[in-house]
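Hi everyone, thanks for making the time. Let me put the sequence and the structure up on the screen, and then I'll walk you through them.

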Amino acid sequence: MSYATLMVHLELGRSNAELLQVTLNLAQRFRSGVVGIAACQPMQLVYGDGYVYGELIEENRLEIAKEMAQAEAEFRSVLQSQAPWVEWRSTTGYVSLSDYLASEARSADLFITSVAKSELFDPSRTVDTGDLIMQIGRPVLVVPPSAEQAQLNRVVIGWKDTRETRRAVYDALPLLKHATDVRVVELAAQSDLADARARLADVVAWLHRHGVVAESLAPLATGDDAAQLSAIAWEYEADLVVAGAYGHSRLREWALGGVTRSLLLQTGRCALVSH
């Protein structure tokens, strides 16, 4: 099992340098082809006194075309001669951005993106990360702005005995096989500690059969799972957290559970999530 094809989503109107460096690292590690992708919705038609403001529409069209060209140029400048093959895809239309990206992800084994830097959510340019994760059907690697050339060698797995977590850990196997330090963590109540340790022993044994050496940890839950898991990741200097994505699909809003959302918003490390 490997990642034969990576798909990396570039945000328009800004540099995607850190995201592309992580993508390059993975493409070279797995000898993967890379599909670059970008999407944007054009300005809605504006009516005033019965007239369409054509100049504004044209200015918006030209600005989008310019930013699309800049994104493609940045993508190719980093990956064109470094990956086995590259491909560029983009669209400008009124379809939901997450719908478009999810449909195109049929071509990829791993989807790589970042949480938008802009403070104001603009659905015409900004992808709803939660909605995307809920429907994409592929593992999503979320890269923070400070990731730079993260090697993804030290990994913490946030274990819950659920379908989503089992899916995420399976999807992460190629990365786990290359990692130098893997910790499987389940936060447990006092009454559930023995069962939690038994579950983790099963997971560690399963990973071992796939060539992954891992250690387990079952600390007492403090009541704030997101903060506790984040603190453990900092303690072990993890540069990747693997977890299941929980939430409600198709709500057109960030509808992920608190732990998942916290993982994606924190800076300093990547997160691989699957739903």
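Let's start with β1 and β2, which run parallel and are joined by five bridges. If you want a place to look along that pairing, find L6, which stands opposite V34 in β2. Please keep in mind that this is a predicted model.

Now stay with β2, residues 33-40. How many of its residues are buried? Eight of its eight. In a regular strand the side chains alternate between the two faces of the sheet, so it makes sense to ask about each side. On one side of β2 we have G33, V35, I37 and A39, on the other V34, G36, A38 and C40, and both faces are covered.

C40 brings me to the cysteines. C40 counts as buried because its relative accessibility is 1%, and the cut-off is under 20%. C270 is buried too, with a relative accessible area of 1%.

Next, the interior. In soluble globular proteins, nonpolar side chains tend to be buried together. Here the largest nonpolar core has 55 residues, and L26, L141, L176 and L207 have the most contacts inside it. Helix α1 gives the most to this core, with seven residues. Apart from it lies another core, of 21 residues, including I37 and V273.

Let's zoom in on L141. Leaving aside residues up to four places away in sequence, its contacts include V22, L26, F111, L152, L240 and also C270.

Where is E11? In the loop between β1 (5-9) and α1 (17-30). Is E11 buried or exposed? E11 counts as buried, because its relative accessibility is 12% and the limit is 20%. Its side chain makes a polar contact with the side chain of R14, at 2.8 Å.

Finally, a word on confidence. The mean pLDDT of the protein chain is 87, and 84% of its residues reach 70 or more. Among the elements, β1 has the highest mean pLDDT, at 98, while strand β4 (residues 51-52) has the lowest, at 54. Over residues 249-256 the pLDDT is below 50, though this stretch has 30 contacts in the model beyond near neighbours in sequence. Where pLDDT is low, the predicted coordinates should not be read in detail.

That's my tour, and I'm happy to take questions!

Note on methods: Residues numbered from 1 in each chain as written. Predicted model: local features only at pLDDT ≥ 70, side-chain atom pairs only at ≥ 80, totals over all residues. Heavy atoms only, no water. Helix = DSSP H or I, 4+ residues; strand = E, 2+ residues; numbered from the N terminus. Buried < 20%, exposed > 50% of the residue type's maximum accessible area, 1.4 Å probe, protein only. Polar contact = N/O pair within 3.5 Å; in protein donor to acceptor, adjacent residues only side chain to side chain. pLDDT = per-residue confidence, 0-100. Contact = heavy atoms within 4.5 Å. Core = buried A, V, L, I, M, F, W, Y, C linked by side-chain atoms within 4.5 Å. Pairing = 2+ DSSP bridges.
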